Amino acid sequence: MSVQERKRRERAERERLIVATARELAERDGWDAVTTRRLAERIEYSQPVLYSHFRGKREIIGAVALQGAAELAAQLRAAAGPVAEPRARVTALADAYLDFAAHNPSVYDAMFQLDGGLIFAADDTPEPLKDAFTALLENLAELAGTDVEPGLFTEVFWSALHGLATLTRAGRLPADASARRVELLVDRLAAV
């Protein structure tokens, strides 16, 4: 192994460590607790080393968001993949999405609430974000019908799920009716 290859591998490992540590801190103490100083202390590198990887907290949030998007896409595909019946597949997608949001609140915030410098719905949208949307689209396109674009149909489903996840987490919707809300959403969207 060449010296350059070893240095690239070590650099990639430090980046993974920074992102994992930021994610861990955010999940435990919230994003306000994630500072470059605290991260540098936790990973046992100096702040200049941290800044050689990320220009600041915003880029770290973006890296966590991209990692989360990749995980969400995988979780959605795993949930919907073995389900052939359309209504059951939509239910599996909804449950997987809401489960991801509930069990990864700080990652979900990085993806959708915080400024990680990421661009959605554009040509230069990062691939993990596109892939998370595609994981929904590829499972919903057939339900859109002939009068609605599959992408638009998927956006409506996604935004409904996002609203349910966000409002439930904030305590604005009672958690005990979550299953009924998903059932109602699926009934309406899978009726096509």
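This is a predicted model: local features need pLDDT of at least 70, side-chain atom pairs count only at pLDDT 80 or more; totals for chains, interfaces and linings use all residues.
Where is its centre? Select Phe120, Ala121, Leu129, Phe133 and Trp158, the closest to the centre among the 17 residues of the lining.

Next, colour the helices around the largest pocket. Pick helix 4 (57–80), helix 6 (105–112), helix 7 (127–140) and helix 8 (150–169). Each of these gives two or more residues to the lining. Which helix gives the most to the lining of the largest pocket? Highlight helix 7: five residues of the lining come from there.

Move on to the second largest pocket. The space here is about 200 Å³. Select Leu98, Ala102, Leu164, Ala165 and Thr168 to find the centre; they lie nearest to it among the 14 lining residues.

Then show the helices of the second largest pocket. Helix 5 (86–103), helix 8 and helix 9 (178–189) each supply at least two residues of this lining. Which helix gives the most here? Select helix 8, with five residues in the lining of the second largest pocket. Keep helix 8 on screen for a moment. Helix 8 also gives two or more residues to the lining of the largest pocket.

Last stop: colour the second lining by class. Eight residues of the second largest pocket's lining are nonpolar. Three are polar, and three are charged.

Note on methods. Residues are numbered from 1 along each chain as its sequence is written. Side-chain values use heavy atoms; hydrogens and water are left out. On a 1 Å grid over the protein atoms alone, a cavity is a set of points where a 1.4 Å probe fits but cannot get out, and a pocket is an open set with protein on both sides within 12 Å along at least five of seven lines; lining residues have an atom within 4 Å of a point. Helices (H or I, at least four residues) and strands (E, at least two) are DSSP runs, numbered from the N terminus. Grid points are joined across faces, edges and corners, and a volume is the space filled by probe spheres set on the points. Ala, Val, Leu, Ile, Met, Phe, Trp, Tyr, Cys and Pro count as nonpolar, Asp, Glu, Lys and Arg as charged, and the others, Gly among them, as polar.
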